[in-house]
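Please consider the following note alongside the coordinates. It is set out as numbered points for discussion.

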Amino acid sequence: MRSLAVWFTLVILGIGLLFTAVTIPFGSPAMSDMDDYFIAHGQEQTGANNIVTSIVFDFRGFDTIGEASVLFTAVFGVSVLFRVRKKEEDYEYE
Amino acid sequence: MSDCMSKLVRTTADVMFLFITVFGFYIVLHGHLTPGGGFQGGAIVAGGFILLIVANRLEDFLKWFQKRSFQSCEVSGLVLFIGTALAAIPLGYIFFKNFLNGAGGLFGQAVPFGINSGILNTAGTIPIMNIAVGIEVLGGLSIIVLYMTSGIRSHEEGE
């Protein structure tokens, strides 16, 4: 009974996703206002000839701060995981 | 793991390290003109360091570069990045304002509209942030592999 319910859910989900993928055309309706703004004004507002860099480091700088912080945290985690202990007593915490 | 690789591999790694480093810093410095940027260039430079770590003995590598220098690279990169973003506030702008663009000073040359003219001295704070992120990524990725190699070694020695 349970496997029947699982199969039923999977089939319904598959039909729904296929229906969505087939019937709705990709990229329509075109919401290109923001892209056009970046392409038209990015060069004069940021001074960078590389549009991707002007978006990553200027228009969306908060995102890049988050990325840098995530990398810092990842390195911190690895350093905690792989720290070298000299003796067995070092396992104890005070 | 305590052995190093053959002399051929070590010599090739030592020679290639210079070219990889120069190419990585080229990618970082030209991040606002050509495809690439801080993350990509920093990863390339870190690849050069990882090549040295893998090819040589760990003790030899730690004689050339200290762990502490990579750590300070990473920390100073992050501090420089956030400091550049915060430096706009005392000057009267909002957070993350590109205050050097068009000012005429460092990285302040006006960029002509149209086809990429390849002027390096443009884009305001973007090259500074590229350099900061590049330094941070090169320190971070190198120190990850360095820590992992140290962990493997201490495990193989039976702690």
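1. The model is predicted, and the remarks here should be read accordingly. Chain B contains five helices and zero strands; along the sequence its pattern is α-α-α-α-α.

2. As to overall dimensions, the radius of gyration of chain B is 19 Å, well over the 15 Å given by the globule rule for 159 residues, so the chain is more spread out than a compact globule. Along the principal axes, its C-alpha atoms fill a box of roughly 60 × 35 × 20 Å.

3. Of the 159 residues in chain B, 37% are buried. Where contacts in chain B join residues at least 6 apart in sequence, 68% of them link residues at least 24 apart.

4. Helix α4 of chain B spans residues 67–86, 20 residues in total, and reaches 29 Å from its first C-alpha to its last, close to the expected 28 Å. Its buried residues are B:Phe70, B:Cys73, B:Glu74, B:Gly77, B:Leu78, B:Phe81, B:Thr84 and B:Ala85. Viewed down the axis of α4(B), these fall within an arc of 135 degrees and so line one face of the helix. An α-helix has 3.6 residues a turn, so residues three or four places apart point the same way. On the face of α4(B) turned away from the buried side are the exposed residues B:Arg68, B:Ser69, B:Val79, B:Gly83 and B:Leu86.

5. Between the chains, 22 residues of chain A are in contact with 35 residues of chain B. On the chain A side, α2, α3 and α4 each supply at least two residues, and α4(A) gives the most, with eight. This side of chain A comprises eleven nonpolar, nine polar and two charged residues.

Methods. Residues are numbered from 1 along each chain as its sequence is written. Chains are lettered from A and ligands numbered from 1 in the order in which they are written. This is a predicted model: local features need pLDDT of at least 70, side-chain atom pairs count only at pLDDT 80 or more; totals for chains, interfaces and linings use all residues. Helices (H or I, at least four residues) and strands (E, at least two) are DSSP runs, numbered from the N terminus. The expected span of a helix is 1.5 Å times one less than its number of residues. A residue is buried if 20 or more other C-beta atoms lie within 10 Å of its own, exposed if 12 or fewer, and partly exposed in between; C-beta atoms are placed from the backbone. The arc is that of the directions from the helix axis to the C-beta atoms. Two residues are in contact if their C-beta atoms, placed from the backbone, lie within 7 Å. Ala, Val, Leu, Ile, Met, Phe, Trp, Tyr, Cys and Pro count as nonpolar, Asp, Glu, Lys and Arg as charged, and the others, Gly among them, as polar. The radius of gyration is taken over C-alpha atoms; the globule rule is 2.2 Å times the number of residues to the power 0.38.
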